[in-house]
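Look at the structure below and keep it in view while reading.

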Amino acid sequence: MNVRAIFVDMDGTLLKASNCISRRNMQAIYGLINQGVHVFLATGRHYEVTAPYHKELGLRTPMICLNGAAIHHEETGIITEMKTVRLNEERFHHLTAESLYNVIIHTANGLYCKETNEEIDYWTKVGRIPPRYIGDLRQANYQDVLKYSVRTGEPSPQISALFKKEAEVVDWNDGFELLAPNVSKWSAIKSLLTEFRIRPDEVVAIGDGPNDIEMLRHVGTGVAMGNASAKVKASADFVTGHHENDGLAEFIEQYLLQPYKSNAI
């Protein structure tokens, strides 16, 4: 494979369930970097809980965050490109405020949520920035929304479908996310490929979630994790191992790392 760049999802791909990068995954990524391959993180996470892993890996590439709604500079963390989503707020809150759903609103200026939970507590611990607001979101003063996340606790395509005329919808097993129309990890990748002068056929993308489907379909080589759903696997060219078994490293070692060549005669 003539690969110049790889875009790596984080949760369920780079990271184990413990939110750690295994030594094997780290070594595989170092091997790619040493070959001159551009390694990018492409995640649904917000910047504050992406940057520590970016730093741990020693990456010097921009970060794709919030499913492509924001691209952050590799050194300063400043947003270099963002796509805000505009919903009918009154209608959105009418559908979600009185329910048991948790709602998380990611903005360019921080996080707003209906209630906190274990995941948000983890974000606060890692990112060192607590939510700007916790409570009735009808009373919150927020703007420049990049992603709405509605946690219903179960698949909710009937509810998410109500927003398809005004937003890009990503359905999950525990709810759904809303982005600006036509925003995805792939839309952000296209922007970076133009900047880096890399062709899509020179790119590998690897992920496990419904927010990875577009990038897996459109890059030269799409790789689904063994823990991905059947729909995600069907969108990929390859299926590698489970994220708990270093499926990321498994693919890199087998297909991307060049064997060591001795200079000895």
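Strands, marked E, are DSSP runs of at least two residues, and they are numbered from the N terminus. Glu 177 lies in one of them, strand E11. The model shown here is a predicted one.

Start with helix H6, which covers residues 185-196. H6 has 12 residues, and from its first C-alpha to its last it reaches 16 Å, close to the 16 Å expected at 1.5 Å a residue. Which residues of H6 are buried? They are Lys 185, Trp 186, Ala 188, Ile 189, Leu 192 and Leu 193. Seen down the axis of H6, these buried residues fall within an arc of 155°, so they line one face of the helix. An α-helix has 3.6 residues a turn, so residues three or four places apart point the same way. On the other side of H6, Thr 194 and Glu 195 are exposed.

Several elements cover the buried residues of H6, among them strands E1 (5-8), E2 (38-41) and E12 (203-207), and helix H7 (213-218). Ser 184 caps the N-terminal end, where a side-chain oxygen lies 3.2 Å from the backbone nitrogen of Trp 186. After H6 comes Arg 197, with a positive phi near 55°.

The largest pocket has a volume of about 1,500 Å³. It is lined by 47 residues, and the closest to its centre are Trp 172, Glu 177, Gly 209, Pro 210 and Asn 211. H6 is one of the elements that give two or more residues to this lining, and strand E11 (175-179) is another. The largest share, five residues, comes from E10.

Is Glu 177 buried or exposed? Its relative accessible area is 6%, which is under the 20% cut-off, so Glu 177 is buried. The side chain of Glu 177 is joined to that of Lys 147 by a polar contact of 3.1 Å. Leaving out residues up to four places away in sequence, Glu 177 touches several others, including Asn 67, Tyr 148, Glu 168 and Trp 172.

The last stop is Gly 222, in strand E13 (residues 221-224). Gly 222 is buried, with a relative accessible area of 0%. With residues up to four places away in sequence not counted, Gly 222 touches Ala 205, Leu 216, Ala 236, Asp 237 and Phe 238. Thr 96 is 126 residues from Gly 222 along the chain, and the C-alpha atoms of the two are separated by 35 Å.

Methods
Residues are numbered from 1 along each chain as its sequence is written. This is a predicted model: local features need pLDDT of at least 70, side-chain atom pairs count only at pLDDT 80 or more; totals for chains, interfaces and linings use all residues. Side-chain values use heavy atoms; hydrogens and water are left out. Helices (H or I, at least four residues) and strands (E, at least two) are DSSP runs, numbered from the N terminus. The expected span of a helix is 1.5 Å times one less than its number of residues. Buried means under 20% relative accessible area, exposed over 50%, partly exposed in between (1.4 Å probe, protein chains only). The arc is that of the directions from the helix axis to the C-beta atoms. Contact means heavy atoms within 4.5 Å. A polar contact is a pair of N or O atoms within 3.5 Å; within protein, one must be able to donate a hydrogen and the other to accept it, and residues adjacent in sequence count only if both atoms are side-chain atoms. On a 1 Å grid over the protein atoms alone, a cavity is a set of points where a 1.4 Å probe fits but cannot get out, and a pocket is an open set with protein on both sides within 12 Å along at least five of seven lines; lining residues have an atom within 4 Å of a point. Grid points are joined across faces, edges and corners, and a volume is the space filled by probe spheres set on the points.
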